[in-house]
Amino acid sequence: MGSSRVEIVDYLRVARRRLWLLVGIPLVAGAAAALVVLLGPQQYAATSYVAAPALVGGSAAQQYTGTQAANQFAAAFAAAVTSPQVVDQVAADTGVSADALRDGLAVKQVGASSQLTVTYTATDRSTVASVLAATGKRALAFLFASQVGIATDEVKTATDELTTATRAINDWEKANKVSQPDKLYQSTLQEIASLRQQQLQMKAVGNSRGADAAADSISAGQKRLDELGPKLPDYQALLAQRDSATSALASARQGLQQARAQSQAADPEKVTSVGEVQPVSRVKALVALVLPVSGAGLLLAVLLVAVLEWLPRSRRAGQQPAVGRAAPALTGGRRGGDDTVVLPVVTSTVPEQHRRR
């Protein structure tokens, strides 16, 4: 406690004195972990391979594109496998509890490719293959079949908007008793231009009756234009709404077609394959569990030794008198080899009679 330097030999001395703790605790922890593995039920595992290259990369219309497409697909699939919706569906399909599914399922990407492996470990051998098959089916449906549903809803919405816009145009034409006023307006303009040309020609040849008839037709056409002109903005606005709805419907149908193509490419029967169910090696399980547990036990032992060494020294330091700790500096005292303070002996020179008083 009083030394400012600590050598490695000091640590070795403490470790030798507390060797039973440093060795015993890791051994006990490792033995307990080994008993858990050896006395536990036999576990079985199988691996399902998911290889869907048609779903990753390619055209920009696909769901996963770009340089990170494979990683994005792997992350999305792993998240889908453990999502509450997929887990509940698989639990309902196989009869395995949701907690057991979350504990036993593991998804891993094969290198940097889009291929994935799904491993399931359980004590009931009969459920392993069925769980992997149901998991692949439900996860792929969650990722791609849902897109078909969304695209179908978009098509329905666009169809409803187009129907509404078309009905509004029909109602306007019935209310104004005119059909396709925009085309009628353009044809009337062309007719008036032609009549004016004929009128000029008739006047040039002296055909006054023909010129007057042309003038009457021009007047009637101009009257129709005056009636249609104020109505055209509202009608053209309705036409613009119908054109926008038509474009939205065409885009929604294209999206639905692409979503259906991706859903077909994600057919579980085509992109997934379940391997053979094998018993899990207890040796691997021992190595995977005993080593970490023993390491944790060693760390706990080191901390315990540190506490056991610190407490007595701290207690002795707290019991040492303040004068005794300061005496070496004041009276020239010295420290012993065991780091304890050696105080000088002080002889009293007070006379006996004064002491009696």
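**Helix packing and loop geometry in a predicted model**

Helices α7 and α8 are roughly antiparallel to each other, since angles over 145 degrees count as such. Helix α7 covers residues 181–205 and α8 residues 208–228; they pack at an angle of about 160°, with axes 9 Å apart. The axes are lines fitted to C-alpha atoms over the stretch in contact, and angles run from 0 to 180 degrees between N-to-C directions. The crossing of α7 and α8 is left-handed. The contact (heavy atoms within 4.5 Å) involves, among others, L184, L189, I192 and L195 of α7 and A211, A214, I218 and L225 of α8. Its residues divide into 13 nonpolar, six polar and four charged.

The model is predicted: local features need pLDDT of at least 70, side-chain atom pairs count only at pLDDT 80 or more, and totals for chains, interfaces and linings use all residues. Residues are numbered from 1 along each chain, and side-chain values use heavy atoms, without hydrogens or water.

The 21 residues of helix α2 (residues 19–39) should span 30 Å at 1.5 Å a residue, and the end C-alpha atoms are 30 Å apart, in agreement. The expected span is 1.5 Å times one less than the number of residues. Buried residues (under 20% relative accessible area, 1.4 Å probe, protein chains only) in α2 include L21, L22, P26, A29 and A33.

The loop between α6 (125–176) and α7 contains K177, and Q180 also lies in the loop between α6 and α7. K177, not a glycine, has a positive phi of about 55°; at 77% relative accessibility it counts as exposed (over 50%). Phi of Q180, likewise not a glycine, is positive and near 50°. At 38% relative accessibility, Q180 counts as partly exposed, the class between buried and exposed.

Technical notes:
Helices (H or I, at least four residues) and strands (E, at least two) are DSSP runs, numbered from the N terminus. Angles under 35 degrees count as roughly parallel, over 145 as roughly antiparallel, 65 to 115 as roughly perpendicular and the rest as oblique. A crossing is left-handed if the near helix is turned anticlockwise from the far one by less than a right angle, and right-handed if clockwise. Ala, Val, Leu, Ile, Met, Phe, Trp, Tyr, Cys and Pro count as nonpolar, Asp, Glu, Lys and Arg as charged, and the others, Gly among them, as polar.
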